[in-house]
Amino acid sequence: PILSSSLISLAFTTNVETSLNGFSAVTTLNIYTSAFAHHNDLRRTMEALPRLEVLVLDMPRWMSSKTRLDPNQPVAPTSVRLKAIFLTVNAAWLQDHRGVAFLDWLGLSGAAQSLQKFMMSSMAILTDRTCRAVQGVIEASARKLEQLTLGSGPDFDYSSCESTLYPSRC
C-alpha cells in the first residue's frame, strides 16, 4: 500500500487483506470521497482491520459496473464488531444495489451487533428496499445502540420509507 499522513491507497486488484495486514492496531477507518467497484471491496477493507471499531464513510461513490448482485446470496458472518458508524452518503449511493448490499451486510453479518452510535446524514430519496436495509442495521444494534441520528438531505422523501421505519404511524 501507499501510505501518507492522510491516505492509504490500495488497488483493489490486489489482495486487500494482504495489503492491510500490517495495520493491526487500527480502530478507526475514515474513508473520504472514495470510489468502490463493489460493496465487497468495502467489506474486505473493513475485515482486514481486526480491531476496527469506528467506520467513517464520507461521500463514497460506486464506480461504473455491470455486475449485478444476487439478492438471495447469503450474508456471511464477520468478526468485525463496530461500535460507531458515521455515514454521509448521497441518493445515488443509497439507491444503488451495492449500497443496499453493504447496509444489508452490516445488519446481517454481525458487524452492527455491538453498535452504540449510528449516524447517517445527507440522506436523500430512499426506496423501500433501502429503508429496509437501514432498518436492518438499526434492529441488529438495538441492544447496544445509544445514539441514532438519521439526518435527511434536501430531497428526502419520508413517505417512501415511513411504513418501514415507523410502522405504528401507518
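Predicted model: local features only at pLDDT ≥ 70, side-chain atom pairs only at ≥ 80, totals over all residues.
**Entry 1**

I began with Asp41, which counts as buried because its relative accessibility is 8%; buried here means under 20% relative accessible area, exposed over 50%, and partly exposed in between, with a 1.4 Å probe and protein chains only. Residues are numbered from 1 along each chain as its sequence is written, and side-chain values use heavy atoms, with hydrogens and water left out.

I then looked for the partner of Asp41 and found a salt bridge with Arg44, the closest N and O atoms being 3.6 Å apart; a salt bridge is a side-chain nitrogen of Lys or Arg within 4 Å of a carboxyl oxygen of Asp or Glu. Asp41 and Arg44 are three residues apart in helix H2, so about one helical turn separates them. Helices (H or I, at least four residues) and strands (E, at least two) are DSSP runs, numbered from the N terminus.

Side chains of opposite charge can pair when their charged atoms come close. The count of salt bridges comes to five.

**Entry 1: where H2 meets H4**

Which residues of H2 meet H4? I listed His39, Leu42, Arg43, Met46 and Glu47 in H2, which meet Arg98, Ala101, Phe102, Trp105 and Leu106 in H4, where contact means heavy atoms within 4.5 Å. These residues divide into six nonpolar, one polar and three charged; Ala, Val, Leu, Ile, Met, Phe, Trp, Tyr, Cys and Pro count as nonpolar, Asp, Glu, Lys and Arg as charged, and the others, Gly among them, as polar. Helix H2 covers residues 39-47 and helix H4 residues 97-108, and they pack at an angle of about 35° with their axes 8 Å apart. Axes are lines fitted to C-alpha atoms, for helices over the stretch in contact, and angles run from 0 to 180 degrees between N-to-C directions.

**Entry 2: helix H4 itself**

I followed H4 along its length: it has twelve residues and reaches 16 Å from its first C-alpha to its last, close to the 16 Å expected at 1.5 Å a residue, the expected span being 1.5 Å times one less than the number of residues. H4 is mostly covered, with eleven of its twelve residues buried. At the start of H4, a side-chain oxygen of Asp96 reaches to within 2.7 Å of the backbone nitrogen of Arg98; a polar contact is a pair of N or O atoms within 3.5 Å, where within protein one must be able to donate a hydrogen and the other to accept it, and residues adjacent in sequence count only if both atoms are side-chain atoms. The side chain of Arg98 reaches the backbone oxygen of Met63 at 2.8 Å, and Arg98 is buried at 5% relative accessibility. After H4 comes Gly110, whose phi is positive, near 105°.

**Entry 3: from H4 to H5**

Where does the salt bridge partner of Asp104 lie? The side chains of Arg129 and Asp104 meet at 2.1 Å, N to O, in a salt bridge, and this pair links distant parts of the chain, with Arg129 in helix H5 (residues 128-140) and Asp104 in helix H4, 25 residues apart. Arg129 is partly exposed at 35% relative accessibility, whereas Asp104 is buried at 17%. Arg132, also placed in helix H5, lies 32 residues from Val100 in sequence and 8.9 Å from it in space, C-alpha to C-alpha.

I ended with the loops. Pro74 sits between strand S6 (61-62) and strand S7 (84-88) and is exposed at 71% relative accessibility, and its C-alpha is separated by 9.5 Å from that of Trp105, 31 residues apart along the chain. Thr33, in the loop between strand S3 (28-32) and strand S4 (35-36), has a positive phi of about 40° although it is not a glycine. Met59, in the loop between strand S5 (54-58) and S6, has a phi near 50°, a positive value in a residue other than glycine.
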